[in-house]
Amino acid sequence: MTATAPPPAPSGAPAPSPPATHDLLESLAVLAGAQWRDFQVAAAHEGLTSMQAKLLGQLVRPLPMRELAALLGCDASNVTGIVDRLEAQGLARREPDPRDRRVKRVIATPEGQETVRRVRAEMHALHRALDVLDPAERAALYALVEKMRPALDG
């Protein structure tokens, strides 16, 4: 899907100029900040720190501890402490990697998966913000974000 084009300018009026990169970045920063605050509140409601919830949300498949550290942008020793606390709560578990038993992979338990689902469902501010978009706007936003995603990978 592609974004809808802006309405044509009235006859004789100059076409509106697209927003400058710094204006787009500012808008994205406001959105990201609101999303992070909403996430922190929802995580706290589930008894988790934002880093615990973020790590748990990354566990869509078993991940090695080192890969989790890279995804979270922190030291592997920090991941060990976070995983220790998630294990104590029954939300995640470690298992040896079948290809290299020296490597430990982290897996979300069914309770951990349900906790992530609840955290995402409790992000009311973000849900309200998305609810102001009509279906065509939601589709356009999704298409634009997905178009940008490959540039963020790697």
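This note sets out numbered points on the pocket, the surface patch, the salt bridges and selected residue positions of a predicted model.

1. Basis of the model. Residues are numbered from 1 along each chain as its sequence is written, and side-chain values rest on heavy atoms, with hydrogens and water left out.

2. The largest pocket. A volume of about 1800 Å³ is found for the largest pocket. On a 1 Å grid over the protein atoms alone, a pocket is an open set of points with protein on both sides within 12 Å along at least five of seven lines, whereas a cavity is a set of points where a 1.4 Å probe fits but cannot get out. Grid points are joined across faces, edges and corners, and the volume is the space filled by probe spheres set on the points.

3. Lining of the pocket. The lining of the largest pocket comprises 44 residues, and L28, L31, Q35, V145 and R149 lie nearest its centre; a lining residue has an atom within 4 Å of a point. By class, 28 of the lining residues are nonpolar, six are polar and ten are charged. In this scheme Ala, Val, Leu, Ile, Met, Phe, Trp, Tyr, Cys and Pro are nonpolar, Asp, Glu, Lys and Arg are charged, and the others, Gly among them, are polar.

4. Helices around the pocket. At least two lining residues of the largest pocket come from each of helix 1 (21–45), helix 2 (50–58), helix 3 (65–72), helix 5 (110–121), helix 6 (124–131) and helix 7 (135–152). Helix 7 gives the most to this lining, with twelve residues. Helices (H or I, at least four residues) and strands (E, at least two) are DSSP runs numbered from the N terminus.

5. Nonpolar surface patch. L25, L28, L31 and M148 make up a nonpolar patch on the surface, and together they have about 380 Å² of accessible area. Helix 1 supplies the largest share of the patch, three residues. Patch members have over 30% relative accessible area and no salt bridge; nonpolar side chains (Val, Leu, Ile, Met, Phe, Trp, Tyr) are joined within 5 Å, and like charges within 9 Å. Areas come from the Shrake-Rupley method with a 1.4 Å probe, and for residues only the protein chains shown count as cover. L31 lies in helix 1 and, at 45% relative accessibility, counts as partly exposed. Here buried means under 20% relative accessible area, exposed over 50%, and partly exposed in between (1.4 Å probe, protein chains only).

6. Salt bridges joining separate elements. The count comes to eleven salt bridges, each being a side-chain nitrogen of Lys or Arg within 4 Å of a carboxyl oxygen of Asp or Glu. In one of them, R94 pairs with D84, with the closest N and O atoms 2.7 Å apart. R94 belongs to strand 2 (residues 92–96) and D84 to helix 4 (residues 76–88), so the pair ties together parts ten residues apart in sequence. R94 is partly exposed at 25% relative accessibility, and D84 is partly exposed at 39%.

7. A pair between strands. E95 forms a salt bridge with R105, the closest N and O atoms being 2.4 Å apart. Because E95 lies in strand 2 and R105 in strand 3 (residues 104–108), this pair also ties together parts that are ten residues apart in sequence. E95 is buried at 18% relative accessibility, as is R105 at 15%.

8. The closest N and O atoms of the salt bridge between E114 and R118 are 3.8 Å apart. These residues, E114 and R118, are four residues apart in helix 5 and are separated by about one helical turn. E114 is partly exposed at 31% relative accessibility, and R118 is partly exposed at 29%. A network of salt bridges links E46, E114, R117 and R118.

9. Positions in sequence and space. D23, in helix 1, is partly exposed with a relative accessible area of 40%; D23 and L126 are 103 residues apart in sequence and 21 Å apart in space, C-alpha to C-alpha. A42, also in helix 1, is buried with a relative accessible area of 2%. A92 lies in strand 2 and is buried, with a relative accessible area of 4%; A92 and P110 are 18 residues apart in sequence and 8.6 Å apart in space, C-alpha to C-alpha.

Notes
This is a predicted model: local features need pLDDT of at least 70, side-chain atom pairs count only at pLDDT 80 or more; totals for chains, interfaces and linings use all residues.
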